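Biologist: Could you open the model and talk me through it? I would like to know the conventions before we get into details.

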Amino acid sequence: MKSLQELAEIRERSKSKVALREGHNDIRIVVGMATCGIAAGARPVLSALVEEVEKQGVSERATVSQTGCIGICRLEPIVEVFESGKEKVTYVKMTPEKAKQVVSEHIKGGKPVYEYTIGEK
Amino acid sequence: MKELSLNILDIAQNSIKANAAHVTIRLTQRENWLTIEIADDGTGMSPDFAQHAANPFTTTRTTRKVGMGLPLFRMAAEQTGGSFSLVSHQALRESDAHGTTVTATFDTAHVDCEPLGDITETILTLIQGNPDLSLTYVYQTEAGELRLSTDEMREILGEDVPLNSPEVLAWAREFLNGEE
């Protein structure tokens, strides 16, 4: 069983890291988490995005957040990527596997995965 | 919904949208009966809205005129022979108590009972999206009780470490899954 005390260790460790975390966070990855999104499988998509952003080392530049219904429920799970100075990219019918690819090719590599975007279906 | 844990996530999102500061998610399993309670201190509903809230044609949505969150949760309970209730109060004066409590019971031995599914992922999703929310989660079975309070976590972590930082979420996942 994990104990709450381990959180104190995480706090200690984080103190040394604060100086390094001077990222710009200029990319926002937003997942629709209303009834339609949840029913279509948004929860595992969100957790894959959170995991991959960390694993692929782009957490300094990108944040993952949740929103309500984006309005095109039949295409859920939907993920939107907002980047300053660029047009919004909307991914539809997402899966954890596609999410992983979006993080590596789009967030890390800078090239949107057009085949998963809304215009391409 | 495929899992009751997804219904729970959905209902808890209502609490967050109602500006709740505190949300309690309590699961109690006694023999073959599972009770799920989601209680918040949000703005609450008017008596008229509360009465019809579990009807699909009642919604606060602006994207369309049907809302399926509460109806689906209610259906999931009633199709097992269980029950559903919703109690809500709006504050008339500032000092009044306000909020909404949704309670549903499920016969887990019934063939039409959805599995609970990955409740850990539901709790983690709520923490990830709402790191400042005061969330209490209690899962009580006859074998014992698992309890997680984000207030207690925050007390130890202080101001510097947000609850949705990857290390804290990893800790919470292991804590909730009962890993060593």
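Modeller: Let me start with contacts: two residues are in contact if their C-beta atoms, placed from the backbone, lie within 7 Å. This is a predicted model, in which local features need pLDDT of at least 70 and side-chain atom pairs count only at pLDDT 80 or more, while totals for chains, interfaces and linings use all residues. Residues are numbered from 1 along each chain as its sequence is written, and chains are lettered from A and ligands numbered from 1 in the order in which they are written.

Biologist: With that cut-off, what is L27(B) in contact with, leaving aside its neighbours within four places in sequence?

Modeller: Once those sequence neighbours are left aside, L27(B) is in contact with L34(B), I36(B), Y139(B) and Q140(B). L27(B) has its place in strand 1 (residues 22-30) of chain B, where helices (H or I, at least four residues) and strands (E, at least two) are DSSP runs, numbered from the N terminus.

Biologist: And why is L27(B) classed as it is for burial?

Modeller: L27(B) is buried because 20 other C-beta atoms lie within 10 Å. The rule is that a residue is buried if 20 or more other C-beta atoms lie within 10 Å of its own, exposed if 12 or fewer, and partly exposed in between, with C-beta atoms placed from the backbone.

Biologist: Next topic, confidence. What are the mean pLDDT values for chain A and chain B?

Modeller: Chain A has a mean pLDDT of 91, with 90% of its residues at 70 or more, and chain B has a mean of 94, with 99% of its residues reaching 70 or more; pLDDT is the predictor's confidence in each residue, from 0 to 100. Within chain A, confidence is lowest in helix 1 of chain A, at a mean of 87, and highest in helix 4 (residues 96-108) of chain A, at 98. The model as such scores ipTM 0.91 and pTM 0.93.

Biologist: How many residues of chain A are in contact with chain B?

Modeller: There are 25 residues of chain A in contact with 29 residues of chain B. On the side of chain A that touches chain B, the elements giving two or more residues are helix 1 (5-17), helix 2 (35-40), helix 3 (42-55) and strand 2 (62-67) of chain A, and helix 1 of chain A gives the most, with 7 residues.

Biologist: What does that side look like by class?

Modeller: The side of chain A that touches chain B has 13 nonpolar, 6 polar and 6 charged residues, where Ala, Val, Leu, Ile, Met, Phe, Trp, Tyr, Cys and Pro count as nonpolar, Asp, Glu, Lys and Arg as charged, and the others, Gly among them, as polar.

Biologist: What is the order of elements in chain A from the N terminus on?

Modeller: Chain A has 4 helices and 4 strands, and from the N terminus on its elements run α-β-α-α-β-β-β-α. Of the 121 residues of chain A, 33% count as buried.

Biologist: Where does I78(A) lie, and what joins E76(A) and P77(A)?

Modeller: I78(A) lies in the loop between strand 2 and strand 3 (79-83) of chain A, and it counts as buried because it has 26 C-beta neighbours inside 10 Å. Its contacts, leaving aside neighbours within four places in sequence, include G32(A), I70(A), Y91(A) and M94(A). E76(A) and P77(A) are joined by a cis peptide bond, with omega about -10°, and P77(A) is found in the loop between strand 2 and strand 3 of chain A.

Biologist: What about the phi of K93(A)?

Modeller: K93(A) has a positive phi of about 45° although it is not a glycine. K93(A) is found in the loop between strand 4 (89-91) and helix 4 of chain A, and it counts as partly exposed because it has 15 C-beta neighbours inside 10 Å.

Biologist: Over to chain B: is N19(B) buried or exposed?

Modeller: N19(B) counts as exposed, because it has 11 C-beta neighbours inside 10 Å. N19(B) has its place in the loop between helix 1 and strand 1 of chain B, and its phi is positive, about 60°, although it is not a glycine.

Biologist: How many residues of helix 1 of chain B are buried?

Modeller: Helix 1 of chain B is mostly covered, with 12 of its 14 residues buried, among them L6(B), I8(B) and A12(B).
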